[in-house]
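Here's a quick briefing on a protein model, for someone who likes to know the cut-offs. Have a look at the structure first, then we'll go through it by topic.

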Amino acid sequence: MNLVHTASSLPGAWESALLAEVGTAVVKVQRMDGRPLPPEVHATAEALVVVEGRLELLVGDAEFTVAEGELYRVPAGAVHAVRPGSRGTLLIVEVPERPSSGTIDS
């Protein structure tokens with residue numbers, strides 16, 4: 001599977017294509033186009049791998065540049081955002097958050 005080709009064929013930047021499921025984790029690819037993304041937080045850690053280009057990342061108050069071929073692990077519960085200037089192809093490995101299966105009393 002060619003990750004760069006798959007990302008470039010997506011209809012828009014920052015839209016994910018699900019590539020595989022590995023146990024409870026999913027592997028996705030995205031095309032980055034230089035625009036920033038708002039902060040987000042997840043209950044589980046995620047791995048961000050820059051296949052080509054670079055990822056400008058803000059985690060808490062710290063800024064990071066993740067270069068081509070590098071991996072950054074975002075810890076569970078860490079507020080993180082994509083900063084302007086992120087371009088290229090990003091591979092994401094994460095455990096999707098699922099809605100609670102608990103019941104609601106009426």
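Let's start with a charged pair: the side chains of lysine 28 and glutamate 94 meet in a salt bridge, 2.5 Å from N to O (a side-chain nitrogen of Lys or Arg within 4 Å of a carboxyl oxygen of Asp or Glu). The pair links distant parts of the chain, with lysine 28 in strand β2 and glutamate 94 in strand β7, 66 residues apart (helices, H or I with at least four residues, and strands, E with at least two, are DSSP runs numbered from the N terminus). Bear in mind that this is a predicted model, where local features need pLDDT of at least 70 and side-chain atom pairs count only at pLDDT 80 or more, while totals for chains, interfaces and linings use all residues. Residues are numbered from 1 along each chain as its sequence is written, and side-chain values use heavy atoms, with hydrogens and water left out.

**Salt bridges**

- Lysine 28 counts as buried at 18% relative accessibility, and glutamate 94 is buried too, at 14% (buried is under 20% relative accessible area, exposed over 50%, partly exposed in between, with a 1.4 Å probe and protein chains only).
- A search of the whole structure turns up five salt bridges.
- Arginine 35 pairs with aspartate 33 in a salt bridge, with the closest N and O atoms 2.7 Å apart.
- Here arginine 35 is partly exposed at 44%, and aspartate 33 is partly exposed at 24%.
- Arginine 83 forms a salt bridge with glutamate 63, the closest N and O atoms being 3.8 Å apart.
- Because arginine 83 sits in the loop between β6 and β7 and glutamate 63 in strand β4 (residues 62–67), this pair ties together parts that are 20 residues apart in sequence.
- Glutamate 63 counts as exposed, at 57% relative accessibility.
- Through shared partners, salt bridges join Arg54, Glu56, Glu63 and Arg83 into one network.

**Nonpolar cores**

- The largest nonpolar core has 15 residues, of which Leu48, Leu55, Leu57, Tyr72, Val74 and Leu90 touch the most other members (a core is a set of buried Ala, Val, Leu, Ile, Met, Phe, Trp, Tyr and Cys residues joined through side-chain atoms within 4.5 Å).
- At least two residues of this core come from each of β3, β5 (71–74) and β7, and β3 gives the most, with five.
- Apart from this core lies another one, of eight residues, among them Leu10, Ala17, Val27 and Val29.
- Leucine 55 has contacts (heavy atoms within 4.5 Å) that include Met32, Phe64, Val82 and Leu90, not counting residues up to four places away in sequence.

**Largest pocket**

- About 240 Å³ of space lies in the largest pocket.
- On a 1 Å grid over the protein atoms alone, a pocket is an open set of points where a 1.4 Å probe fits, with protein on both sides within 12 Å along at least five of seven lines; lining residues have an atom within 4 Å of a point.
- Points are joined across faces, edges and corners, and the volume is the space filled by probe spheres set on them.
- There are 18 lining residues, and the closest to the pocket's centre are Gln30, Glu40, Glu46, His80 and Ile92.
- β3 gives the most to this lining, with four residues.

- Tryptophan 14 has a positive phi of about 70 degrees although it is not a glycine.
- Tryptophan 14 is in the loop between α1 (3–8) and β1 (17–22), and counts as buried at 12% relative accessibility.
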